[in-house]
6 protein chains.
Amino acid sequence: MDRVDGRKPGQLRPVLITKNYIKHAEGSVLIEAGNTRVICTATIEDKVPPFLKGSGKGWVTAEYGMLPRATGTRNPREAARGKIGGRTHEIQRLIGRSLRSVIELAAIGERTVLLDCDVIQADGGTRTASITGAFVALAEALDKLKKQGLIRRVPLTDFIAATSVGRLDGEILLDLCYEEDSAAEVDMNVVMTGGGRFVEVQGTGEEASFTRQEMNDMIELATQGIQQLVACQKESLGGIL
Amino acid sequence: MDRVDGRKPGQLRPVLITKNYIKHAEGSVLIEAGNTRVICTATIEDKVPPFLKGSGKGWVTAEYGMLPRATGTRNPREAARGKIGGRTHEIQRLIGRSLRSVIELAAIGERTVLLDCDVIQADGGTRTASITGAFVALAEALDKLKKQGLIRRVPLTDFIAATSVGRLDGEILLDLCYEEDSAAEVDMNVVMTGGGRFVEVQGTGEEASFTRQEMNDMIELATQGIQQLVACQKESLGGIL
Amino acid sequence: MDRVDGRKPGQLRPVLITKNYIKHAEGSVLIEAGNTRVICTATIEDKVPPFLKGSGKGWVTAEYGMLPRATGTRNPREAARGKIGGRTHEIQRLIGRSLRSVIELAAIGERTVLLDCDVIQADGGTRTASITGAFVALAEALDKLKKQGLIRRVPLTDFIAATSVGRLDGEILLDLCYEEDSAAEVDMNVVMTGGGRFVEVQGTGEEASFTRQEMNDMIELATQGIQQLVACQKESLGGIL
Amino acid sequence: MDRVDGRKPGQLRPVLITKNYIKHAEGSVLIEAGNTRVICTATIEDKVPPFLKGSGKGWVTAEYGMLPRATGTRNPREAARGKIGGRTHEIQRLIGRSLRSVIELAAIGERTVLLDCDVIQADGGTRTASITGAFVALAEALDKLKKQGLIRRVPLTDFIAATSVGRLDGEILLDLCYEEDSAAEVDMNVVMTGGGRFVEVQGTGEEASFTRQEMNDMIELATQGIQQLVACQKESLGGIL
Amino acid sequence: MDRVDGRKPGQLRPVLITKNYIKHAEGSVLIEAGNTRVICTATIEDKVPPFLKGSGKGWVTAEYGMLPRATGTRNPREAARGKIGGRTHEIQRLIGRSLRSVIELAAIGERTVLLDCDVIQADGGTRTASITGAFVALAEALDKLKKQGLIRRVPLTDFIAATSVGRLDGEILLDLCYEEDSAAEVDMNVVMTGGGRFVEVQGTGEEASFTRQEMNDMIELATQGIQQLVACQKESLGGIL
Amino acid sequence: MDRVDGRKPGQLRPVLITKNYIKHAEGSVLIEAGNTRVICTATIEDKVPPFLKGSGKGWVTAEYGMLPRATGTRNPREAARGKIGGRTHEIQRLIGRSLRSVIELAAIGERTVLLDCDVIQADGGTRTASITGAFVALAEALDKLKKQGLIRRVPLTDFIAATSVGRLDGEILLDLCYEEDSAAEVDMNVVMTGGGRFVEVQGTGEEASFTRQEMNDMIELATQGIQQLVACQKESLGGIL
């Protein structure tokens, strides 16, 4: 049986990465995964969090947001509600951790790269698209530092990308769109390097549970999807990495 | 002497209005005025503020935001700072007032049209571009209500658009870009109907002042600019209005 | 036809300026315009905002507040609501900008003059009364600095005062009281120097618009009113300026 | 040895109560105790807190504030800091409790009387002046209710007033001004009815302690001071009570 | 090589569950896992979140906190900082989801069971101890509802417990204490039912990654640990389940 | 007539002080007074508030909290409500002031001792139990400083303890439990040194008042109770003081 948008169970949505999307940022992309669209910008700041001062090491961190009408029903602005919600916190911590796993922080000196991931249209998988897109913006920003002679090389040890898998009506599906995600019994986000090592595995049953075999099947499908995403990143970055 | 971007004193930047930019919204446009780019979405809600309950009248209101890296230097998110700043408040009140001046609120029933104006790239004139773009999103959303048979006609009494004028090194200029705006001695935002009536005139001298003659000259230039913006809106909206 | 309080269209309300109203402040006045009463105090601080550090220049800024029962219906305290509203932000930015237009910031050194304008009884025109009164408090505080030998002269380049004008039932009126203001179709605040130069012109039609001719008439009436207010300030300040 | 302002140890500062100070409020006074000046307004609302709904009983509550420059050194606004401080909370709870001890809440029906006490100039004893002044504003507001025929009598069972006492350099003093209060080893606030019954006794040693005898002496002096304050209230209220 | 506290790689810390720890709560336990101590209370409220009103279904949710000095270095209170941090949000969402996976929400009617998990002493694994302890408090509270005749049976479909595993110096360890957790390259939390089904798997490499084989080994060890924790829960609950 | 828990009017509830309750803290006790249980920890920080910097003197301050289900009905967390309530502010200021009255701040150098008092089960008298327990934690922490050779002696000038007294149905009672406290007409908290000097006396009539004789009787009863509490502290501290 085909999926709501006609895909096969193991098929990703079309991915499009547009570089240099925001002229002011040190790195910026618009990443589109099906109808999900996220603007990722990289900002380089000549400072680090207090715990790194004097260490000679840099930092990578992320913030995540969503325009109020990125979704089918309008979401009130977090700025208007006066605080950042729990879901936003979880996502921005996840993006930051993921990117830090493939960068040599000592090689960028006492600088922070801040990745802003802003969803302008949402259709499922916004956090994984953010990671995949933010990696490209990060690479661009580091390449700019290199071109300015501030660092000697682009100190990324590998590619990193992410996708979701889930169980819907008992079937394991790759890269869930919003309609699938809402109905899924189990949802798993996987962040993986170009070399096939895991950085983050988050599998969740909401009022449901899953077996060891299902976990293995989900991991397998995610691995295949991420290899394709890394291929898109490579093509987009050209000779940078 | 030509301006920083080669324009004549009375020349607008190129304006581009892309309709149906966000698939979820009842109305949505991407408006580009030079390098300034704003996403305007219209959301229709079946409720009104408390002071209108039972009145049979509707309401139009607006919210305004800016992505952190829309600007040359990154701006912290208002959500992270936990509150909406004074400038944001001023702008969203201005957008709402301006749009309400050309709609018959009684004709839309007890509904609220909420315009979200989110700047994804800023280069001066974001508030006036927001007004000009939000008007088109509003018209589209009302047209959708009409097509659904919920209202009989699109109850807009006129077009409305906005631009800035200012005095820079003693010369009066139309539609200031960021570099000009930062250096201007006097800055004036004008909101005007298609029929040439004023809805809002806000002239400000920051550590400076201006004469009656200069005010007249600024008003004159703004009037010409707004007529061109209204022509763009007409073309974009086609037969809706 | 006479106005609600018997005034002529172009007539100001009685204005009374009481100096040295609060013993602790470097400058302080109680300004009364009809039933509107505002306490304006000037505080001199030996510091400047970060963007001026090391510049040798000073700063002038303002805060605005209203006692809960200054109005006919009690307004909850902004402190209790945990934030400053959009209207308050607009007003305090307006007061600050207005005063900065007539002071030579370089002549006061790296000091900030903070003007607190607190409305103890409101009857329309609280922001314009705040500007008119705050100017006197500012002049007093600068005079005190001069007397202490900390500055050589009172570095004010001109007087500055403000009033409102509006259109009510088609007629142009000066200095609207609350009852008139609530019913006005168009409301305009004008800030002007003693020499007749504009610093701020804010004309607003709430669900209404106005013609070029009406704008001219409003400007004319405001100009006359402000000349009278400046005369009151002069009398109050005596030989200081 | 005389006190800093020349008073005897057991002497109150001059007290002045000006009624009808704010035209909009149901009751309002300016109370002056030496250089301390507080505006107290009473607002009557036709609602009660949730725990009293349907009980037929009313409520009396209070809020307290201080203008930023009421003090020698400017205090930042609580609204700007986004929250009400601990000291303010303590004081407004104290004022509310004190007034509720002399009113028959069942006799005012399901109404709330909200007392706003705003200090416009501070010189010690602002909380006790607030209680003494708020009582008069409360009585006035209740008298207005009576005159409107909404209640049959002014349901106050007694007068209530407050003062401070303290120990300074070993000597017991009545009604401390700010300079004395800052240096006092022990500070006590006493709230007492016209009939001489205690409603609140708060004695505090900051990094100090006091004996039973000293407590008795402070209580004695406070009792005498409060009798004089009640006399002022009586004179001010005339035939109301 | 033995671990810092002398345990074998696959050995849990001693677990102690004290029931009826807080007399006011419908269910309450003190759970101790080594030096980690958490008070878990269950509160039953006769209401549900808005999205469940009228559905006949109940809800289970959780809140998590930590006393300031539960840790080696004092942590400022979240109440004092005015907001709940991202880590707290993540944990309380995790606890709630986990418990909801083993309860039939329709069987408790429109009631909410709120689990408060407060860490009074922390030594690693506070979130997993919270889940393990909260399950017992939840079972107790449901048993109380049954005894009151409000529900017919305790509608739990299985036990649920949680533990952590991680990789430290290349070795896979069960139930990390704080010192181990701080140094671990990979950290994984696993939530599992008594029947061996996964509810949540969260594996994270902070500036590190892990292979498929390592993931399998971690899952295996966690499964063994959770079986022992479920045995403790069974003993503690006696005949309830 | 006996009291709700069978005590005589002048009888304290059983008091139990468990030292070294939290392993991470410099000082820590669990104090139990009847069913009221409070964890008090002392944290020593090598810094002082700004007003003491460079003075050579230290500081003692306190924070107070209550677990949500410490009470019969669950109280929402202050962290979730985003601010600390007025009652909490009052209590933590009281605890800090009380402890500061018996310590020589100059003798601890520029250090702050922060006492956290967290109520895990509440049954009346939580603030007075906090003071009594916090004193023991403070003494322990100072003793640790002495043993580390950082101070020469434990610079406490006396013991300090606190209890409540009140009037219920006209009778004066010592150490009110929650049920008594809720019904009391007058409530008084007394903080006193081991030597019988007062540090704090807070008597409050909620919608009631009290005579001079009643005040004397309450003071007398509190004095007796505090002597017994100090005896418990002495036994608990052994040779430290």
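1. Which residues is A:Gly125 in contact with, leaving aside its neighbours within four places in sequence? They are A:Arg13, A:Thr36 and A:Leu176, where contact means heavy atoms within 4.5 Å.

2. This is a predicted model, in which local features need pLDDT of at least 70 and side-chain atom pairs count only at pLDDT 80 or more, while totals for chains, interfaces and linings use all residues. Residues are numbered from 1 along each chain as its sequence is written, chains are lettered from A and ligands numbered from 1 in the order in which they are written, and side-chain values use heavy atoms, with hydrogens and water left out.

3. A:Gly125 is placed in the loop between β5 (112-121) and α3 (126-147) of chain A. Helices (H or I, at least four residues) and strands (E, at least two) are DSSP runs, numbered from the N terminus. A:Gly125 counts as partly exposed because its relative accessibility is 22%; buried means under 20% relative accessible area, exposed over 50%, and partly exposed in between (1.4 Å probe, protein chains only).

4. A:Thr126 lies in helix α3 of chain A and is buried, with a relative accessible area of 6%. Not counting residues up to four places away in sequence, A:Thr126 touches several residues, among them A:Thr36, A:Tyr64 and A:Arg87.

5. A search of the whole structure finds zero disulfides over all chains, a disulfide being a pair of cysteine sulfur atoms within 2.5 Å. The sulfur of A:Cys232 is too far for a bond, because the closest cysteine sulfur, in A:Cys40, is 14 Å away.
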